[in-house]
Amino acid sequence: MKKELICIACPIGCHLEIYPDEDYRVEGNQCKRGLYYGKKELTNPTRIITSTVAIEGGIYRRIPVVTKGEVPKDLIFDAMKIINKVRVISPIKRGDVIVKNILDTGVDVVASRSM
Amino acid sequence: MYDVIIIGSGVIGATIARELSKYNLKTIILEKEFDVALGATMANSAIVHSGHDPIPGTLKAKFNVLGNRMYKKMSEELDIPFLECGGMVVAVDGTQIEELKQLHDRALKNGLKDNEIRILNQGEVRDMEPNISDTVKKALYLLTTAVTFPWEVAIANIENAMDNGVELSLETEVLDINKDKNFKVSTTKGVFESRVVINAAGIYADKVSNLLVKSNYEIKPRRGEYFVLDSDVNLVNSVIYPLPTEKGKGVIATPQYHGNVLLGPTSDYVDLDDKTKTSEEGISYIRDEISKTIKNVPFNKVIRSFAGSRATSTRNDFIIEETDVKGFINVAGIDSPGLTAAPAISKYVTDLVGKRIKLTKKNDFNPVRRVTRINKLDTEDLNELVKRDDRFGHIVCRCENITEGEVIESIHRKCGARSVVGVKMRVRPGSGRCQGGFCQPEVIKILAKELKIDPMDINYNKSGSQILNESTKGEAK
Amino acid sequence: MKQYDLIIIGGGSAGLAAAIEARKNGVESILLLERDAELGGILLQCIHNGFGLKVFKEELTGPEYAERFIEELRGMNIEYKLNSMVTTLKPDKTIQYANANEGFVIVKGKAVILTMGCYERSAGAINIPGNRPSGVLTAGTAQKYLNIDGYLVGKRVFILGSGDIGLIMARRMSLEGAKVLGVAEILPYSSGLQRNIVQCLDDYNIPLYLNHTVTEIIGESKLSKVVISKVDGFTKIKGTEKEFEVDTLLLSVGLIPENGLSESCGIELDPRTKGPIVDESYQTSVEGIFACGNVLHVHDLVDYVTSEAKKAGYKAAEYVRKKLVNGESFRTIAGEGISYVIPQMINKDNLVDNVELFMRVRKVYRDANIIIKGDNKVIKIIKKKHLAPAEMEIVKLKVDDFKNISKNLSIEVEV
C-alpha cells in the first residue's frame with residue numbers, strides 16, 4: 001500500500017510516495033530530509049512552533065520565538081498555553097532560551113531575534 | 001440655547017455653518033456619526049459642474065451656476081484642493097450631436113457665458129484627450145468645469161466655522177424635534193434648544209423633517225458606484241461626460257486633484273441598507289459604459305471601488321425652503337450638482353435665517369484656513385519645518401508621501417480626526433495604491449498616542465469599527 | 001550634496017545582501033536607505049520558519065535570517081539610515097530622502113540599487129461586491145499587527161486567496177486563538193507553496209475551497225459575514241453561495257513589486273512582472289540603476305532573493321569600477337507555458353560565470369519539459385515531475401551555452 005504526502009521539510013515541497021509495508025520506503029524525494037520526513041509523518045508527526053512572547057522595554061510589545069527543534073504535533077496547543085504566559089524583559093539576544101524543555105519534550109523555546 | 005441648529009455635517013451643513021459664522025449667531029452642528037461628512041459627501045464624483053445640464057429655471061440650474069462661480073474663492077480662502085481641468089460632454093453619432101447642440105443652448109439658458117462653452121470637433125477632442133474613444137465625433141467643451149476634494153470641502157468649512165465660533169457635536173443623533181417658543185431638538189446626547197433649525201440631514205432629511213412636520217417630499221437613496229484608478233494612470237485631462245439622460249449625468253471619467261482618475265457613477269434606487277454597497281452589476285455597468293467614451297481603460301489599475309448614495313428627492317429639484325413651521329428650514333434633496341451648489345445654497349439659506357433672526361456681521365470673522373502640506377513646500381521650507389518639528393521629516397504613508405507631522409496636525413485641528421478613515425479624509429494616508437496596508441498600523445499608533453487612548457479603541461470609520469480585536473498573550477488593554 | 005559610489009534603496013533581504021556583496025567587491029562608499037525603524041524589511045514580521053535552507057543550509061525564521069545579514073552589514077561598517085524614506089529618484093541618480101533628524105536631503109550615487117520590495121494587492125484592487133466595513137485586511141497587515149504589535153485583528157476569520165502569507169496567517173491566527181473557517185482560492189490550484197497547505201491548513205483542519213471566491217462582503221461598521229461562491233473560470237456560479245459568519249476577511253491575493261519610484265524615474269517596467277526590465281547584470285533601462293529582490297519580481301523563497309541580490313551587488317560594484325560593458329543585447333522570450341523570464345535582456349559581453357534564469361510557469365504541469373532555445377535551436381531540455389505557478393523555476397546556463405546565440409533566448413514548457 002502506498003501513501004502520498006507533500007514533504008514539508010523545506011519550501012520545495014517534494015511529492016512523496018511512501019510504502020509503509022516496505023519499512024516506509026520513500027520515493028519522489030529530492031534530498032534525504034524527505035526520507036526522514038516521510039517516515040516520521042506517518043509514525044510520529046512533529047512540527048516546529050513559531051510564536052511570540054510579551055516583552056517589556058523592547059521597541060515592540062512582542063518578541064518572536066521558535067522551538068529549537070520539532071515537538072509532537074499533538075502538543076502544539078499545550079505548548080502555546082505555556083508560551084502565552086511568558087513575560088520577558090529587554091534586552092534579549094537571539095537564541096536566548098525563553099522556555100526550557102517545553103512539556104518535557106527536550107526542546108527549548110528560544111528568541112528568534114535580539115531586542 | 002442656540003440661535004441655529006444645523007442637522008447634518010455634509011458639504012451642505014458645513015458650508016451653511018461657515019456662512020452663518022460670518023454673523024453674530026450662536027450655531028451648533030449636530031451629526032449622528034462618529035465623524036463629519038460620512039454620507040453623500042464621502043462618496044461622489046468630486047466635480048464642480050459648470051451648470052450645463054440642469055433643467056433651466058430649476059433651483060439646481062440656479063445654484064449650480066452660482067456655486068461654480070464661488071468655488072475658486074472658497075477654495076483659496078480655505079486651502080481646499082481645486083483643479084481647473086475643464087470638462088467635455090461627448091457625442092458619438094448624429095442624434096447625439098443634435099442633443100449636444102441642445103445641451104449647448106441649455107447651458108446658455110442656465111447662465112453660462114459664450115466664452116465658457118464651445119463645441120469641439122473630433123480632431124480638437126483628440127488633441128486634448130488622446131484616450132477618447134474613436135467613436136466620439138464632437139464634444140461640448142465646458143471651460144468652467146473643475147474638480148475639488150469633497151471631504152476637504154466639508155472639513156475645511158466646518159474647521160473654519162469652528163474657528164469662528166460654531167460648535168460641533170458628533171455622535172448626536174436627532175430623535176425628536178418640538179417647537180413651543182423655541183425649537184427643542186432631542187438627541188442621543190440630550191436636548192438642544194434653538195430659534196432656527198436647518199435640516200441638512202442628507203439621505204435622512206425626510207425622516208428628520210417628519211419628526212416635526214409631515215414633509216412634502218420623500219428621499220429616495222440613489223446609489224452611485226465608482227472605481228478609482230492608480231495615480232500613475234494618465235487617462236484623461238478633463239472631466240469626460242457622456243450625454244446626460246433622465247437617470248443623470250451618466251458614467252463619467254474624472255481626473256482627481258491628487259492624480260487618480262475616478263470612473264462612475266452608476267445610478268440605482270436602493271434601500272437604505274444597501275446605500276454604500278458595491279454590486280456585481282454596478283461594477284460591470286461602469287466597465288461597459290466608460291468604454292463607450294474612453295478607450296484603453298486600464299482596469300488592472302483599479303485601486304478601489306466604492307459606493308455612495310445621493311439624497312434624491314421625489315420633487316426632482318433641490319428643496320430649500322422654510323416649512324409651515326416658521327424657523328424650520330429644509331435643505332433637502334440635494335443630489336447632483338449639490339457639491340457645486342453648496343456655497344451658493346449656504347448664502348441663500350443664510351438669507352432664510354435672516355427672516356427669523358436679525359443678522360449682524362461679525363467684525364472679527366476670519367475667512368482663512370491653512371494646512372501644512374509637505375508636497376507643496378520646496379526643500380528649503382521643508383527643512384525649516386522639520387527643524388521646528390521633526391515629525392514633518394518622518395514619512396508614514398509611502399504611497400502618497402504623508403508625514404507623521406501632517407497626521408498629528410489633522411488630529412489636533414478643530415474637528416480633528418479620531419479614526420483611521422478620519423485621518424485619511426483629512427490628509428490622505430491610505431488613499432494610495434497599497435490602500436493603507438503599510439501605513440494603517442502607523443496611523444493607529446499615532447491616533448492612540450495623540451488621543452491618549454488604547455490602540456484597540458481606535459475606530460476604522462464609524463463607532464464600533466475597531467480594527468484590533470484582542471491583545472495576544474492574554475493581555476488586557 | 002553628498003556623493004556615494006553606491007546608494008541602495010531599501011534595507012530588506014535584497015538591500016542587505018546587495019550592500020554586503022558590493023562592499024566585498026571593493027565598493028567603499030555605500031549608503032543604504034531604509035524607511036522603517038529597523039533593517040530587515042518584511043522578514044521581521046515573517047516569524048515562521050522555512051528560510052535559509054539554500055543560503056545557510058539550515059532552517060531559520062525570518063528574523064533570524066535577517067539578523068545574520070544585519071550583523072554582517074554592521075560588521076562591515078556600511079553606512080545606513082533608518083526611518084528614511086526616499087521621496088525622489090532621478091535618472092542622473094540623485095536621490096532625495098527624508099527623515100526626522102536631517103529633514104529632506106539630496107544625495108547622489110554613481111550607481112543605485114533598487115530593493116524596495118513589494119506591496120500586497122488590496123481589497124480595493126479586487127472589487128468584491130458589498131460593504132466596506134472594518135475587518136477586511138491584507139494578510140501582511142494582519143501579520144504585522146499580530147507578530148510585531150501583538151494584536152489579533154479578529155477571532156473568526158476567512159481568508160481569500162491561497163498565497164503563502166494567507167496560509168501562514170491561517171496557522172498563526174489559529175495558534176493565537178482565532179478560528180479560521182476557510183480559505184477560498186479562485187484558481188483550480190493553490191497559489192501558495194504545497195508545504196504551507198499541509199502545515200498551515202491541513203494541520204489545523206482548515207478547508208481550502210478551490211475554484212471559489214468571496215462574492216459579497218456584509219457588515220455596516222464591522223464585518224459580519226462573507227459570502228463565497230463557486231466559479232467557472234472567473235465567473236460566479238449562481239446558487240453555489242455559502243455564508244460564513246466572520247469578523248475578519250484576510251486577503252492574500254497577490255504581491256506587486258513597488259515601483260512608484262522606478263516609474264517616476266522613467267525606468268521601463270515589464271507589464272508581466274510589474275518590475276523593471278533588467279539585463280544579465282540586473283541593470284534597468286536607466287544606466288547605473290540596478291534592481292533585485294521583490295521590487296524586480298515576486299519571489300517565493302528569500303534564499304533566491306539573497307542570491308539574486310548578491311549578483312546585483314557584485315554587478316553594481318563592477319559598474320562603479322566601469323567594468324560593465326554597454327554592448328549588444330538580445331532578449332529572453334517567455335514562450336509557451338511560461339509567464340515571464342528574468343532577466344529580460346542579455347548582454348553576452350558581461351557574462352562571466354553561470355547564468356541563472358528565473359521564471360514562472362502559467363499553470364500546473366506534471367511530467368513536463370522546460371525547453372531552452374537559442375536563436376530557435378534547442379540548447380537544453382530539463383525534465384520536471386511537477387511545475388506550478390506558485391513555485392519559481394530556476395534554469396542555470398553556462399556561459400558556453402550562449403556562444404552561438406545572437407538574436408534571442410526563448411524558454412517554453414512542453415508536455
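1. In this predicted model, chain A and chain B bury about 530 Å² between them, and carbon and sulfur atoms give 30% of that area. On the side of chain A, the residues that lose the most area to chain B are A:Arg62, A:Asn84 and A:Arg87, which together account for 62% of what that side buries.

2. The contact between these chains involves 10 residues of chain A and four residues of chain B. Two salt bridges are counted between chain A and chain B, and A:Arg62 forms a salt bridge with B:Glu475, with the closest N and O atoms 3.1 Å apart. Across the interface of chain A and chain B, nine residue pairs are in polar contact.

3. On the side of chain A that touches chain B, the elements giving two or more residues are β5 (50-56) and α2 (76-85) of chain A, and β5(A) gives the most, with four residues. By type, the residues of that side divide into four nonpolar, three polar and three charged.

4. Over all chains, the count comes to 16 aromatic pairs. One of them is the tilted pair of B:Phe183 and B:Phe328, at 6.3 Å centre to centre and with 45° between the planes; this pair links strand β11 and strand β20 of chain B, its residues being 145 residues apart. Both B:Phe183 and B:Phe328 are buried.

5. In chain C, the ring centres of C:Phe158 and C:Phe244 are 4.8 Å apart and their planes are at 40°, so this pair is tilted. C:Phe158 lies in strand β12 and C:Phe244 in strand β18, 86 residues apart, and both C:Phe158 and C:Phe244 are buried. Ring pairs also link C:Phe56, C:Tyr65 and C:Phe69 into a cluster.

Notes:
Residues are numbered from 1 along each chain as its sequence is written. Chains are lettered from A and ligands numbered from 1 in the order in which they are written. This is a predicted model: local features need pLDDT of at least 70, side-chain atom pairs count only at pLDDT 80 or more; totals for chains, interfaces and linings use all residues. Side-chain values use heavy atoms; hydrogens and water are left out. Contact means heavy atoms within 4.5 Å. Buried area is the accessible area (1.4 Å probe) that two parts lose on being put together, summed over both. A salt bridge is a side-chain nitrogen of Lys or Arg within 4 Å of a carboxyl oxygen of Asp or Glu. A polar contact is a pair of N or O atoms within 3.5 Å; within protein, one must be able to donate a hydrogen and the other to accept it, and residues adjacent in sequence count only if both atoms are side-chain atoms. Ala, Val, Leu, Ile, Met, Phe, Trp, Tyr, Cys and Pro count as nonpolar, Asp, Glu, Lys and Arg as charged, and the others, Gly among them, as polar. Rings of Phe, Tyr and Trp (its six-membered ring) pair if their centres lie within 6.5 Å; planes under 30 degrees apart count as stacked, over 60 as edge-to-face and the rest as tilted. Buried means under 20% relative accessible area, exposed over 50%, partly exposed in between (1.4 Å probe, protein chains only).
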